[in-house]
Amino acid sequence: PPFVPLKPSTDDILKLAAGFRYDILLRFGQPLNKSGDLFGFNNDYLAYLTLDPRTPYDGLLWVNHEYHDPYYCGGWRPGMARTVKQVALERKSVGGSIVHIRRTKESPWAMVPDSPYNRRLDAFTPIPFAGGVKVLGKKSAIGTFGNCAGGVTPWGTVLTCEENYANFVGE
């Protein structure tokens, strides 16, 4: 049938045009692996890469987690001082997730539990510099956050791009 768009709305609810449906794949704070990595906050750019071109419904999903919300990431309220523990939770909620997902004819997309691919990169993750190059005597930087835009390279790797870093650390 022809697509009939929805009228604009200010309702705080997910509405879908006739003939569409949704399934929840992952939720903020959902465990990704036995190491305790948790799915991040505020999804932005997504990329899907098949593990094998012959099986297009089994692959890796990259998800950018652009920014945190202090209320959901530690219970902060206006007027409250943020604690070191709350800031650590905020730093764990940003960055990116790599999640092994699969779909069958009988089921919607789902995370493959305890896949060795499932992991998080957050504001605490050591990020090595390419080719072992040292910058200011270090071989890595600490963390990634503000992950917004992205892209897939012609050779099948994901690029993630940080933005608005000043909102996190200032100048």
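Arginine 82 is partly exposed, at 42% relative accessibility. In this predicted model, arginine 82 forms a salt bridge with glutamate 90. The closest N and O atoms are 2.3 Å apart.

An α-helix has 3.6 residues a turn, so residues three or four places apart point the same way. What covers the buried residues? After the helix comes glycine 95, with a positive phi near 105 degrees.

The side chains of lysine 92 and aspartate 122 meet at 2.9 Å, N to O. This pair links distant parts of the chain. Lysine 92 is in H1, while aspartate 122 is in the loop between E5 and strand E6 (126-128), and the two are 30 residues apart. Is aspartate 122 buried or exposed? Aspartate 122 is buried, with a relative accessible area of 3%. Lysine 92 is partly exposed, at 40%.

The count of salt bridges comes to 6. Another of them joins aspartate 52 to arginine 54, with the closest N and O atoms 2.7 Å apart. Aspartate 52 has a relative accessible area of 22% and is partly exposed. Arginine 54 reaches 72%, which is over the 50% cut-off, so arginine 54 counts as exposed.

Now turn to the aromatic rings. The model holds 6 aromatic pairs. In one, the ring centres of phenylalanine 3 and phenylalanine 20 lie 5.8 Å apart. Their planes stand at 90 degrees, so this pair is edge-to-face. Both residues lie in the segment before E1, and the pair therefore ties together parts that are 17 residues apart in sequence. Both phenylalanine 3 and phenylalanine 20 are exposed. Elsewhere, ring pairs link Phe28, Phe41, Tyr71 and Tyr72 into a cluster.

Phe3 and Phe20 return in a surface feature. Together with Leu14, Leu16, Tyr22 and Ile24, they make a nonpolar surface patch of about 660 Å². Leucine 16 lies in the segment before strand E1 (43-50). At 36% relative accessibility, leucine 16 is partly exposed.

Leucine 38 is also found in the segment before E1. Its relative accessible area is 41%, so leucine 38 counts as partly exposed. Which residues does leucine 38 contact, leaving aside its neighbours within four places in sequence? They are Gly29, Gln30, Pro31, Leu32 and Arg120. Leucine 38 and serine 140 are 102 residues apart in sequence. In space, their C-alpha atoms are 23 Å apart.

Key
Residues are numbered from 1 along each chain as its sequence is written. This is a predicted model: local features need pLDDT of at least 70, side-chain atom pairs count only at pLDDT 80 or more; totals for chains, interfaces and linings use all residues. Side-chain values use heavy atoms; hydrogens and water are left out. Helices (H or I, at least four residues) and strands (E, at least two) are DSSP runs, numbered from the N terminus. Patches are made of residues with over 30% relative accessible area and no salt bridge: like charges are joined within 9 Å, nonpolar side chains (Val, Leu, Ile, Met, Phe, Trp, Tyr) within 5 Å. Accessible areas come from the Shrake-Rupley method with a 1.4 Å probe; for residues, only the protein chains shown count as cover. A salt bridge is a side-chain nitrogen of Lys or Arg within 4 Å of a carboxyl oxygen of Asp or Glu. Buried means under 20% relative accessible area, exposed over 50%, partly exposed in between (1.4 Å probe, protein chains only). Rings of Phe, Tyr and Trp (its six-membered ring) pair if their centres lie within 6.5 Å; planes under 30 degrees apart count as stacked, over 60 as edge-to-face and the rest as tilted. Contact means heavy atoms within 4.5 Å.
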